[in-house]
Amino acid sequence: MPEERFKKFVLRKKFDFSVIKNLSEHFHTSITATAIRFVDLGNHPIMLVFAENGKIKWKSCSKDFPFQYLLYGGKVPEDSVMGEYFYKNRLLTGTEDVWAVDWFDFVTDRNIHRKFKEHCIPHKNLAFSIIWEL
């Protein structure tokens, strides 16, 4: 995914999950690889979280993402879309609303009602979420 072509592709596009999906199809890359590249080159702040059996294995976020720390350290938060999958066996397809307090630590009173979007892609005992603010 060459930097110049990648940046040209996302120029003036409002971010949602379809941007990652379309980039993935355009460059013939996986959703995960495309999202990782978007963290570095994209035009919108996002956070990526990968978990196995309800435990976070890794996270990555763009430099301008408003929160850097996750709740509970290495455990998937129960009130997240990913948490619904791991703890309640609910597969939510598509993009869902979440709040800053659902995912992030050190959320001030001023940011309690700050809304984000989460798109979770589960597979057996694994899940990958992309989180962004509107």
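A: This is a predicted model. Start with the pairing of S4 and S5.

S4 and strand S5, residues 126-133, run antiparallel and share 8 bridges. One of the paired positions is proline 122, whose bridge partner in S5 is alanine 127.

S3 covers residues 95-99, S4 covers residues 115-123, and their pairing is antiparallel over 5 bridges. Within it, aspartate 97 has lysine 117 of S4 as its bridge partner.

Next, the surface. Trp99, Val101 and Ile112 make up a nonpolar patch there. Together they have about 230 Å² of accessible area. Valine 101 belongs to helix H5, residues 100-103. Its relative accessibility is 36%, so valine 101 counts as partly exposed; the class lies between the 20% limit for buried and the 50% limit for exposed.

Now the interior. In soluble globular proteins, nonpolar side chains tend to be buried together. Here the largest nonpolar core has 23 residues. Met82, Trp103 and Phe104 have the most contacts inside this core. Two or more residues come from each of strand S1 (46-52), S2, H4, H5, S4 and S5. H4 gives the most, with 4 residues.

Phenylalanine 104 shows how the packing is built. Setting aside neighbours within four places in sequence, phenylalanine 104 touches Met47, Phe65, Phe67, Tyr69, Leu70, Leu71, Phe116 and Ile131. Another core lies apart from the largest one. This other core has 18 residues, among them Phe9, Phe17, Val39 and Ile46.

Beyond its neighbours within four places in sequence, glutamate 78 is in contact with Gly83, Glu84 and Tyr87. Lysine 88 is 10 residues from glutamate 78 in sequence. In space, the two are 8.7 Å apart, C-alpha to C-alpha.

Key. Residues are numbered from 1 along each chain as its sequence is written. This is a predicted model: local features need pLDDT of at least 70, side-chain atom pairs count only at pLDDT 80 or more; totals for chains, interfaces and linings use all residues. Side-chain values use heavy atoms; hydrogens and water are left out. Two strands pair if DSSP finds at least two bridges between them. Patches are made of residues with over 30% relative accessible area and no salt bridge: like charges are joined within 9 Å, nonpolar side chains (Val, Leu, Ile, Met, Phe, Trp, Tyr) within 5 Å. Accessible areas come from the Shrake-Rupley method with a 1.4 Å probe; for residues, only the protein chains shown count as cover. A salt bridge is a side-chain nitrogen of Lys or Arg within 4 Å of a carboxyl oxygen of Asp or Glu. Buried means under 20% relative accessible area, exposed over 50%, partly exposed in between (1.4 Å probe, protein chains only). Contact means heavy atoms within 4.5 Å. A nonpolar core is a set of buried Ala, Val, Leu, Ile, Met, Phe, Trp, Tyr and Cys residues joined through side-chain atoms within 4.5 Å.
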